[in-house]
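Here are my notes on this model, for reading beside the structure. They cover a sheet, one of its strands and a helix packed with it.

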Amino acid sequence: MISTCSRIFAGSLLIVKPTHTTSPVFSVARTLSPCLSASGFQVRAMADSATPFKKVQIQRDDTTFDAYVIGKDDAPGIVVLQEWWGVDFEIKNHAQKISQFDSGYKALIPDLYHGKVGLDVAEAQHLMDGLDWQGAVKDIQASVNWLKSNGSNKVGVTGYCMGGALAIASSVLVPGVDAVVAFYGVPSPELADPINAKAPVQAHFGEDDGFVGFSDVKTGKALEEKLKTSGVPHEVYFYPQTGHAFMNKSPEGVERRKKMGMPDVEDAAVEQAWTRFRSWMSRFLSA
């Protein structure tokens, strides 16, 4: 549920720390000096960039949050959930790519950090540790409702790392979700037990993923068994010689991975995952 920082995998002790959010949060117990900046835990406000996204505000309970929308107005909708970094360049790259698949989708990124983005590992960890997970599920529900009220007859949910876990949680907790695709993340059973999934779930894991209890092979296989018990349509895939966050292949994402000491990923695995994603969403979101 944490980062793409290979220092965490290889040389750092991970501690499961209970929080008020009812979801376990992994924290780094050793110094990640090659990955941390001098800024400590200062977080940056997210700046709007010159992109084709439309910024909208969505109502949830007695508050509102920002979301970023791209794609055809009358297309099926897909809620795209962020990694622990926040709404940064990589999640926007994913959403833009998704919006162009097949005959087109309307992709919506809810800002689960409500205006903050982590620019290094320490900041991202700080933001994720402070996430209200139950509130994030409510943001996802409001995002699904917004899409269905604005031209999308069917709506899927996808996410990466932290967002992958929340995508699976949405299959359990969010009515109206028509399909889920999750990348390298499984929620704690305290938040949402996949045995109670109600929407079809496709999930993707790297065989070399080192996040024990969150996105390693054993956790992925346990997810598969729970989905079998749930009775929902499901597919679970494992990619050889592939680690965490393997979908991050933009030039900026590759550069960030290199700075963190993470080896590159074969394009074939990424393209295969996207092909499976397209097939799953087309199967369940087509009118």
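1. Two terms come first. Strands pair if DSSP finds at least two bridges between them. Strands (E, at least two residues) and helices (H or I, at least four) are DSSP runs, numbered from the N terminus.

2. The model is predicted: local features need pLDDT of at least 70, side-chain atom pairs count only at pLDDT 80 or more, and totals for chains, interfaces and linings use all residues. Residues are numbered from 1 along each chain as its sequence is written, and side-chain values use heavy atoms, with hydrogens and water left out.

3. The sheet is open and has eight strands, in the order S4-S5-S7-S6-S9-S10-S11-S12. Its pairing is mixed. Strand S4 (54-60) and S12 are the edges, each pairing on one side only. Neighbouring strands are turned by 20° against each other on average, direction ignored. That angle is taken between N-to-C directions, on a scale from 0 to 180 degrees, with axes fitted to C-alpha atoms.

4. Follow the pairing through the sheet. S6 and S9 are parallel, with five bridges. Val79 stands opposite Val157 in S9. Strand S9 (residues 155-160) in turn pairs with S10 in the parallel sense, again over five bridges. Here Gly159 has Ala182 as its bridge partner in S10. Between S9 and S10 the chain passes through helix H5 (residues 162-173), and this β-α-β crossover is right-handed. Right-handed means that the path from the first strand over the helix to the second runs clockwise, with the strands pointing away from the viewer.

5. S10 also runs parallel to strand S11 (residues 201-206), joined by four bridges. Ala182 stands opposite Ala203 there.

6. Is strand S10 (residues 179-183) mostly covered or open? Mostly covered: five of its five residues are buried. Buried means under 20% relative accessible area, exposed over 50%, partly exposed in between (1.4 Å probe, protein chains only). Ala179, Val181 and Phe183 point one way, Val180 and Ala182 the other. In a regular strand the side chains alternate between the two faces of the sheet.

7. Look next at helix H8 (residues 267-285). Its buried residues include Trp274, Phe277, Trp280 and Phe284. Seen down the axis, the buried residues fall within an arc of 130°, so they line one face of H8. The arc is that of the directions from the helix axis to the C-beta atoms. Ala268, Thr275 and Arg283, on the other side, are exposed.

8. What covers the buried face of H8? The cover includes S9, S10, S11 and helix H2 (89-99), where contact means heavy atoms within 4.5 Å.
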